Structures are given as C-alpha cells and as structure tokens.
Amino acid sequence: MLPTLHLQKDNALPLYWQIYWQLREAILAGQLPAGTRLPASRNLAKTVKVARVTVTQAYEQLQAEGYVVSHVGAGTFVADDVGLAKRESNAAPFHPVLSTWGERALAAQGKTGQSTRLQIDFGFGRSFPHIFPYNIWRRLLARYLSVDDVMLSRYGSTAGFMPLRQALADYLGRLRGVPCKPEQVVIVNGAQQALDILARLLLSQEDEVLVETPGYAAAFDLFRTHGAKLVSLPVDEEGFPVERIPANSRARLVFVTPSNQFPSGGTMPLARRLALLQWARQRDALIIEDDYDGELRYDGRPLTALQGLDEDGRVVYLGTFSKVLFPALRLSYVVLPPALITPFTQAKALVDRGAPTLTQAAVSDFITERHFERHLRHLRHSYGQRRQVLVEAVKRYLPDLVCRSNTAAGLHVMLYLPPHMDEAEVVRRATAVGVGIYPGAPYHLEWPSPPSILLGFSGLTEVEIEEGIQRLATTLAK
Ligand SMILES: Cc1ncc(COP(=O)(O)O)c(C=O)c1O
C-alpha cells in the first residue's frame with residue numbers, strides 16, 4: 001500500500017523532491033516491498049493534487065538512483081535489490097575502528113569547542129572586536145568579490161597568494177628581523193597546520209622533541225599524536241634554558257617561543273638564542289620558532305626574531321594573524337629554510353591544496369596599504385593599557401599571586417598561586433561568581449605542576465578587567 005504523502009506547497013523543497021523523498025523513505029523502510037507497482041503518475045498526481053509532470057519527475061529521480069524500475073507499458077515497480085540497502089532502524093550505531101593516529105587524537109586534551117559564556121571571561125587568544133577596522137576589511141574583501149575578477153574561479157597557489165607572500169617577506173624583514181624571500185613564505189590555515197605539516201615531515205615514531213614547560217599544549221598534543229616523545233625543560237624568566245638540555249638528548253627538533261614565552265611570559269636573551277643555534281648545529285637539529293604574538297610588545301619596540309640569527313637554515317619561523325587580526329581568520333604563515341620549501345609545499349598540497357585565496361588577497365592589501373601597521377599601533381596602545389590595568393588590579397587585590405614575567409607583552413598573564421592553593425578549586429570559585437579564568441595545569445608537563453592560572457585581557461574592557469579581579473579576590477578571600 002502506498003503510504004499517504006504529505007506535501008507542503010510552501011516548503012522550500014520542490015514538490016517533486018518531497019514526493020521522491022517520501023517514496024524513497026517508504027521503500028527503504030520496507031513499506032513498499034520489491035516488485036510493488038507504484039500508481040500511474042496521472043493517478044498519483046490527481047490524488048496529491050499536483051501536476052502530472054511533478055510526479056513524473058519524482059519517478060525519474062527514483063529510477064535514476066535505482067529505487068524503482070520502469071517497464072514501458074507495464075508501469076513503475078520497486079526494484080528488486082533495494083532490500084540490500086534497507087535501513088534497520090534499531091541497528092547499533094557504527095563505531096569505526098580508529099587508526100593509531102585517530103586514537104591518539106582522541107586522547108589529546110586539545111580544545112575542540114567553545115567555552116561557556118561567563119559574565120567576565122578572561123579567555124585568552126581572543127581579539128577585541130571593537131578594535132578591528134571592519135569597514136576597511138569589508139571594502140578589501142568586496143574588491144575581490146567581483147565577477148570581473150577571475151582569481152576566485154581558480155585554485156590558488158598551494159604555497160599561498162604570491163602578493164601576500166611578498167607583502168609578508170617585506171614586513172617580516174623590515175619589522176620582525178626575519179630576512180627572507182617571498183618563496184620561503186608559505187601561507188597556512190593557522191600555525192597549527194604548519195606544526196602538523198612539520199611534524200608529518202620531520203617526526204618518526206619515538207623521536208624526541210625538546211619543548212618548554214609550561215608551553216603550548218596544542219603543539220604538545222600534536223607532536224604526541226604523531227608518535228613523538230616530549231622532553232621538556234622548565235622555563236625561567238628568560239625562557240628556554242638551553243644550558244640545561246641533557247647531554248644525552250636524542251632530539252633533532254626543538255619547539256620554542258623566544259619572543260614571549262608561552263604561556264608564562266619572558267624573552268630569550270641573545271646569549272641563549274646563540275647557544276640554542278649552536279646546540280642545533282652540533283646536533284644537526286631544527287628549531288621551530290613560534291612567534292605567535294611577537295608584534296605585541298607594550299614597552300619599546302618588538303624584539304627581532306631568532307630566525308634572523310640563523311645562518312645555516314635551521315630555524316622554521318611561525319607567525320600568525322590570529323592575535324593581530326582575528327583568530328577565526330585561520331591564516332598564518334611559515335618562513336621555511338630553503339631545504340624545506342619543496343617538502344612543506346608538497347605536503348600542504350596533499351593536505352588541503354592551499355589556503356583560501358579570498359581572505360589572503362584581502363590580508364595582502366591590508367598589509368600593503370599600510371592598514372596593518374596602523375592597526376598594530378592601535379592594538380599595542382589598547383592592549384598595553386588593558387594589560388597594565390590587569391597587572392595593577394592583581395597587585396592591589398591579589399598580592400599573593402605572582403606573575404613570573406614582567407615583560408609587557410602578549411594577550412594574557414600567567415599567575416602562579418601560593419603552593420597551598422588548589423588551582424581547580426580557584427577556577428571553580430571564579431566560575432561560580434561569573435568570572436572565567438583558566439587553569440595552568442594543561443600547559444605544564446611536570447607533575448604535579450605548580451598551581452597557576454591564565455587570564456587573557458584582550459577580550460575585555462578595562463572596567464570589566466578591574467571588576468573581574470575584584471570579584472576573584474572577594475571569592476578567594478572567603
Ligand atoms: C603559543 C601559540 N602559538 C601559536 C598560536 C597560533 O595558532 P593559530 O595560528 O593556529 O591560531 C597560538 C594561538 O593561540 C599560541 O598561543
């Protein structure tokens with residue numbers, strides 16, 4: 001028996017599609033067994049009050065997909081082999097067996113979702129929406145959204161949009177102390193993708209990677225997922241303690257944040273940078289320099305990069321627009337030593353063929369038309385003030401909490417709690433009064449880790465920062 005069809009004329013789906021879909025469901029559910037003769041299109045059209053051609057179209061769609069067969073003169077019948085595809089509504093959901101990589105990815109603690117909404121959220125790695133020049137951005141995007149511009153109708157270059165690579169090479173050479181040719185600059189979908197590609201290219205199972213603790217947990221997860229073993233050195237106010245690299249270290253890869261150690265702050269001085277390069281030379285190792293927020297220094301000029309001291313192609317420089325434009329852009333870049341350009345670009349082609357051209361083109365104009373440098377000046381001013389408000393509020397209301405680095409930089413502050421304090425309890429109490437602060441444990445590789453919290457200031461106003469710290473102090477005093 002043909003099920004009753006329920007057609008909605010004001011539905012966005014065309015009527016023929018509604019008929020096709022409901023018949024298909026009935027066939028798959030076994031309500032219309034193999035060999036059932038469907039009503040003649042003329043009759044069904046009359047029953048459901050649609051034009052005959054609408055039913056014919058639905059039957060044609062069913063026939064094209066193999067649900068029915070038509071015999072001239074005899075009619076339309078449910079096909080024989082449809083039973084094979086029949087859905088069992090009570091079948092247990094399928095759980096694919098994950099690969100080793102898949103199992104490791106599942107076990108990683110990396111963030112995949114959004115955090116809860118809090119009244120005052122010291123979340124970090126955010127940009128302050130009102131600072132970004134949306135009007136300019138809209139104009140630049142619109143420039144390329146024109147039918148006269150054929151650029152978007154083709155695949156872009158895997159290594160990135162050449163004008164952006166040129167603009168970055170110029171910017172990085174002038175302002176970040178990263179001398180490079182445009183060919184060395186490859187555009188990626190976030191620094192995370194650059195790390196993933198580098199890990200695929202450079203790490204084999206059980207390889208050691210030297211990292212900082214506390215450090216960038218997203219990189220830790222990634223290296224581990226690729227089967228690497230992390231060897232961590234606890235950082236001090238001057239970042240990665242090169243002199244403490246174990247003499248018997250097998251590592252051929254080092255991941256560091258020399259300009260502003262993530263997440264505890266602090267800058268690697270020249271002597272340590274040179275020592276790290278020398279160590280890498282002796283051990284035939286490669287250094288990944290993650291310069292995720294090097295532009296954001298609030299006292300004096302930003303420091304230049306480690307890459308600028310490298311003479312034999314041992315440093316891969318990573319930069320991102322996540323902090324200085326906005327994180328949802330998902331555009332970052334890597335400056336590769338010549339020997340890695342081809343392997344990296346080849347891998348990028350396999351992974352996703354290249355970053356989106358539209359946003360690359362807009363960012364390119366944003367840089368070459370000098371909006372970027374103006375925006376950076378604006379950011380430094382606004383974020384510098386917010387940081388100062390936060391640091392002063394902490395000194396005033398939470399004098400027991402220690403900020404290890406005095407470097408005025410970045411978008412967050414890491415505070416160490418007195419040893420008797422329980423980090424998770426502090427976070428829980430803050431949440432209870434509507435204040436979002438973040439535990440430091442996920443960034444530490446030592447166990448037990450010293451209790452600490454992270455407070456981002458880039459998504460809040462100065463008033464909110466002050467109020468948030470006061471609320472935190474009040475709840476901790478109870
Ligand atoms: C230490 C560190 N490196 C790199 C990044 C940038 O990552 P992405 O470009 O994937 O947004 C971040 C962002 O939070 C970071 O904290």
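In the predicted model described here, Val413 stands opposite Leu455 in strand S16. This local features text relies on a pLDDT of at least 70, while side-chain atom pairs count only at pLDDT 80 or more, and totals for chains, interfaces and linings use all residues. Residues are numbered from 1 along each chain as its sequence is written. Helices (H or I, at least four residues) and strands (E, at least two) are DSSP runs, numbered from the N terminus.

Two strands are taken to pair if DSSP finds at least two bridges between them. The sheet around them is open and has four strands in the order S12-S13-S16-S15, with antiparallel pairing. Strand S12 (402-403) and strand S15 (438-439) each have a single partner strand, so one side of each is left without a neighbour in the sheet.

Two helices accompany this sheet. Helix H12 (residues 371-397) lies across S12, S13 and S16 and runs at about 20° to S13. Helix H13 (residues 423-432) touches S15 and S16, its direction making about 35° with that of S16. Contact here requires that the C-beta atoms of two residues, placed from the backbone, lie within 7 Å. Axes are lines fitted to C-alpha atoms, for helices over the stretch in contact, and angles run from 0 to 180 degrees between N-to-C directions. The loop between S15 and S16 holds Pro448, and the peptide bond from Trp447 to Pro448 is cis, with omega near -5°.

A second open sheet contains seven strands in the order S5-S11-S10-S9-S8-S6-S7, with mixed pairing. Its edges are formed by strand S5 (185-188) and strand S7 (229-234), each of which pairs on one side only. On average, neighbouring strands of this sheet are turned by 20° against each other, direction ignored. Strand S6 (residues 208-213) runs parallel to S7 and is joined to S7 by six bridges; within this pair, Val211 is placed opposite Ser232 in S7.

Helix H6 (residues 162-175) lies across S5 and strand S11 (332-335), at about 115° to S5. H6 also meets helix H11 (residues 357-368): their axes come within 8 Å and cross at roughly 35°. From H6, Pro163, Leu164, Ala167 and Tyr171 take part, facing Gln360, Val363, Ser364, Ile367 and Thr368 in H11. This contact comprises six nonpolar, three polar and no charged residues. In this classification, Ala, Val, Leu, Ile, Met, Phe, Trp, Tyr, Cys and Pro count as nonpolar, Asp, Glu, Lys and Arg as charged, and the others, Gly among them, as polar.

Two further backbone features deserve a look. Most residues other than glycine have a negative phi, and most peptide bonds are trans. Glu206, in the loop between helix H7 (191-202) and S6, has a positive phi near 70°. The peptide bond from Phe262 to Pro263 is cis, with omega near 0°, and Pro263 sits in the loop between strand S8 (253-256) and helix H9 (270-283).

The ligand is surrounded by 13 residues, the closest being Gly190, Ala191, Tyr292, Thr320 and Ser322. A residue counts as near if its C-beta atom, placed from the backbone, lies within 6 Å of the molecule. The shell has five nonpolar, seven polar and one charged residues.
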